[in-house]
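Hi,

Here is the structure I promised to pass on.

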Amino acid sequence: MAELPAITNNADIRFLGKLLGDVIRAYGGDELFRRTEYIRSASVDRHRGVGGEVDLGLDRLTLDETLDFVRGFMLFSMLANLAEDRQGVAAEPGTDVAAAIERLAGEGIGKDRVAALLDAALIAPVLTAHPTEVRRKSMIDHRNRIAELMALRDGGTTTTPDGDDVEQAITRQIALLWQTRVLRRERLYVTDEVETALSYLRDVFLSVLPGLYQRWDRALGARTPRFLRPGSWIGGDRDGNPNVVAASLTTALARSCEAVLGYYLDAVHSLGAELSISTEHAEVNDELLALAARSGDTAPSRDDEPYRRALSGIYARLAATHLALTGKPAPRPGSLAGEPYDDPLALRRDLVTIAYALADQGDGPLASGGALGRLIRAVDTFGFHLATLDLRQNSAVHEATVAEMLKVAGVEADYAALDEPARVDLLRRELANARPLVSPYAKYSDETASELAILRAAADAHAKYGAASIRQYIVSMAKSVSDLLEVHLLLKEVGLYSPGDPPTAAIMAVPLFETVGDLEAAPQIMTDWFALPEVAAIVSVRGVQEVMIGYSDSNKDGGYLTSTWQLSRASAALTPVFEKAGVGMQLFHGRGGAVGRGGGSAFAAIRAQPPGTVQGRIRITEQGEVIAAKYGTRESATTNLEAITAATLLSSLEPPALSNADAKRFGAAMDELSARAFAAYRGLVYETEGFRTFFRQMTPIAEIANLKIGSRPASRKKSDAIEDLRAIPWVFSWAQARVMLPGWYGVGQALAGFADKALLREMAEAWPFFAATLDNMEQVMAKSDMQIAERYAALVEDRVLAGAIFPRIRDGWKEARDGLLGVTGQSRLLEKNPKLDASIRLRLPYIEPLNRLQIELMKRHRAGEDDPRVAEGILLSINAIATALRNSG
């Protein structure tokens with residue numbers, strides 16, 4: 001192996017690390033500081049290979065010292081993450097829209113084609129409540145405040161706007177972090193998750209997106225069509241979460257509406273202060289004068305200021321809209337009365353009237369853009385709903401609900417017993433009949449009653465906030481056409497599906513294909529779906545049909561390589577199905593933070609999509625710790641939204657990277673690799689006797705269940721089967737034990753068994769898909785550590801079982817590493833990515849002591865020790881390790 005290069009900390013890490021040390025000394029005392037510093041330096045020396053085996057002194061820590069030490073290392077990791085984000089370690093060069101337009105121009109693809117694509121495009125980051133964010137919001141808020149203060153320091157500012165010394169203010173925020181409770185005491189409720197997501201949508205997206213559009217207007221040389229809109233699952237995702245009910249949906253939408261209207265009110269108020277234009281110095285068109293006259297603002301002081309009077313009227317109408325939609329008066333009630341706006345378009349018309357009036361004055365600096373232009377963009381993008389909320393439920397729940405509805409209505413006594421053709425025939429007959437199935441006088445099970453209540457809440461939302469508030473209904477574990485028709489039948493009960501010629505569906509039924517088998521069946525299911533005349537009529541009007549593909553469960557089902565390849569194959573196989581139906585394809589990628597759940601660079605992932613599968617339309621889930629990492633600050637949000645937009649443009653407009661012949665050769669090779677990897681993965685995880693026990697005893701899966709990080713249960717059913725375990729705790733627990741098994745197992749066996757190594761090297765050089773697949777796996781393997789993992793394996797009670805299984809994992813890791821290095825032409829992991837290499841190796845000395853402490857605390861806890869500090873220490877260590885690893889769930 002090549003000698004590892006020295007790691008040079010960036011200046012921010014050194015600065016923030018020193019301040020953290022000062023805080024620990026000031027509030028924890030000299031002894032804690034000395035012990036922490038000794039462990040830190042000894043662990044760093046050990047990882048540098050200095051002085052042989054080093055005693056870290058962990059066994060000499062008391063429980064109280066252990067808790068403080070873990071907090072200190074966790075805070076260092078959090079500050080290191082912040083420093084790296086600021087220095088651009090996580091950013092990728094050439095991943096902004098301007099660079100993409102320039103690249104396309106160099107390939108003969110002009111701005112007119114970019115504009116045409118964007119005219120029908122949709123790019124949507126969709127926030128979900130998947131529980132992998134271990135940090136409390138209070139911790140994230142302090143972190144973001146430090147980022148703001150560091151930005152002031154960068155600019156040479158020595159004092160804050162409030163007069164505080166900048167460096168002292170940073171130290172104060174770190175001290176507040178040190179004294180802020182890390183762990184949540186109570187489990188999160190859905191309303192808590194709603195508020196957390198709302199903080200990102202309100203504080204980041206609302207301000208960032210309008211500014212980004214202005215930047216893109218300049219890059220494109222014309223007004224950019226509206227195409228990027230945020231979405232959310234929080235309050236609408238019921239799959240496996242009985243805590244999401246109709247009230248959750250209502251609350252999520254109401255709070256979003258309140259936030260966006262509050263933003264508009266503030267913006268209009270600010271514009272009123274800014275647009276002090278007098279008719280004594282400027283001509284004003286008749287449309288603006290009419291708008292000002294309708295305002296009811298008769299104040300003599302503003303008689304010559306029609307812009308201010310017009311804005312007073314807009315403010316009054318917005319305040320009335322706020323009261324009508326939220327049931328609450330505006331935070332800053334105006335003195336004028338106004339009629340509520342019927343919809344966002346009516347508000348936009350009034351704002352555009354002001355914009356046109358400014359433009360009519362001539363081609364001066366007031367003619368376009370500015371705060372008014374950003375506000376119009378915001379109304380275009382966010383409407384009165386802020387973010388489109390998806391509904392999601394498991395197909396099994398729909399089946400049970402529809403079966404009960406049909407039985408109670410006397411239509412079909414045993415729907416579940418029908419085969420697929422009989423189900424489809426029955427559902428189509430019912431969908432053609434305007435008669436409702438549900439009676440207000442009949443009694444239904446709690447589950448059916450809850451499902452119907454949510455659908456009624458969705459119908460109310462459409463009436464109140466507009467159709468943009470809810471557009472998609474995701475069907476988890478979709479396996480047939482009847483799974484989608486059941487959603488149409490449920491929508492019909494609340495008026496969101498109307499029979500007729502043609503029928504209409506206000507909400508799109510979206511199949512989620514999750515397992516390897518489901519992905520393989522997806523093209524035939526969609527072929528059968530489009531073959532139904534009523535469906536064909538609906539999608540021809542809509543022009544697009546969405547399909548969601550799930551990374552997490554397909555990975556848990558078939559392993560990393562097979563999951564990644566099957567997702568790509570399914571996407572490519574769907575393309576001709578949609579082309580034949582004459583329908584635009586919109587793929588919704590259910591990605592997690594960890595590579596084992598589809599994580600990694602979003603830019604590279606979109607660029608690696610099969611030709612013809614993006615078409616300017618893509619939705620991507622953003623969840624857990626990834627939300628804070630990507631959208632925690634306006635700067636990081638700008639970088640990430642630029643990246644996914646640039647990647648979408650390039651993937652949609654650039655010619656394919658491979659010739660047809662190479663695509664065929666490489667695809668055949670991937671089929672062989674996938675089959676070998678699948679056999680190895682299934683052989684270990686599902687066919688090895690005792691593996692379930694080994695997994696549950698080796699990893700902190702049981703302890704993770706005690707983290708108060710989400711409202712959903714860890715398993716879909718009351719079962720310890722891996723099949724029933726959610727993908728998040730599956731991936732998260734392997735990450736804690738430093739195995740990262742879902743991100744690489746099976747790949748080593750596949751690469752080793754493939755005869756044509758030259759072909760593999762060619763694929764890695766020429767094929768973006770294979771390159772991205774290997775890059776993501778390499779990142780995971782660099783964070784894993786088989787020596788530490790072996791310590792976790794010692795927690796398995798049956799030593800014979802551990803001795804039979806762990807060596808297979810360790811050998812598989814070595815095989816994967818060697819295979820990857822051989823294909824990529826490297827002598828060590830991340831040799832060709834020095835920034836990421838330095839970032840990860842900087843963290844490793846801080847993670848190992850946390851792992852070793854976690855193991856000892858787990859031993860004591862599992863042995864029955866009931867000191868609450870032991871359990872707290874385990875949860876703190878989980879938090880700290882996840883923070884250091886960054887994308888671990």
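Before the rest, some ground rules. This is a predicted model, where local features need pLDDT of at least 70 and side-chain atom pairs count only at pLDDT 80 or more, while totals for chains, interfaces and linings use all residues. Residues are numbered from 1 along each chain as its sequence is written, and side-chain values use heavy atoms, with hydrogens and water left out.

Salt bridges

R25 belongs to a network of salt bridges that links K18, D22, R25 and D30. A salt bridge here is a side-chain nitrogen of Lys or Arg within 4 Å of a carboxyl oxygen of Asp or Glu. R25 pairs with D30, their closest N and O atoms being 3.8 Å apart, and D30 is partly exposed at 42% relative accessibility. K18 and D22 also meet, at 3.0 Å from N to O. These two are four residues apart in helix 1 (residues 11-28), so about one helical turn separates them. Helices (H or I, at least four residues) and strands (E, at least two) are DSSP runs, numbered from the N terminus. K18 is exposed at 54%, whereas D22 is partly exposed at 29%.

Elsewhere, E305 and R308 form a salt bridge at 3.3 Å, N to O. E305 is buried, with a relative accessible area of 12%, and R308 is partly exposed at 22%. The whole structure has 55 salt bridges.

Two strands pair if DSSP finds at least two bridges between them. Contact means heavy atoms within 4.5 Å; axes are lines fitted to C-alpha atoms, for helices over the stretch in contact, and angles run from 0 to 180 degrees between N-to-C directions.

Strand 1 (residues 122-128) and strand 11 (residues 617-623) run parallel and are joined by seven bridges. One of the pairs there is A124 with R619 of strand 11.

What about strand 8 (residues 508-513): how many of its six residues are buried? Six of the six are, so strand 8 is largely enclosed by the rest of the structure. Both of its faces are covered, with M508, V510 and L512 buried on one side and A509, P511 and F513 buried on the other. Strand 8 runs parallel to strand 5, with four bridges between them, and A509 of strand 8 has Y473 opposite. Strand 8 is also parallel to strand 9 (residues 544-550), through two bridges, and there L512 stands opposite M548.

Helix pairs

Helix 11 (residues 306-326) and helix 12 (residues 344-360) have axes that come within 11 Å and cross at roughly 170 degrees. That makes the two helices roughly antiparallel; angles under 35 degrees count as roughly parallel, over 145 as roughly antiparallel, 65 to 115 as roughly perpendicular and the rest as oblique. On the helix 11 side, the contact uses Y307, A310, L311, I314, R317 and L318, and on the helix 12 side L347, D350, L351, I354, A357 and L358. By class, that is 10 nonpolar, no polar and two charged residues. Ala, Val, Leu, Ile, Met, Phe, Trp, Tyr, Cys and Pro count as nonpolar, Asp, Glu, Lys and Arg as charged, and the others, Gly among them, as polar.

D350 of helix 12 is worth a click. D350 is buried, at 10% relative accessible area. Leaving out residues up to four places away in sequence, D350 touches L291, R294, I314, R317 and Y341.

Helix 5 (residues 111-119) and helix 24 (residues 634-653) pack at about 105 degrees, with axes 11 Å apart, and are therefore roughly perpendicular. There R113, V114, L117 and L118 of helix 5 meet L649, S652 and L653 of helix 24.

Cheers

Methods:
Buried means under 20% relative accessible area, exposed over 50%, partly exposed in between (1.4 Å probe, protein chains only).
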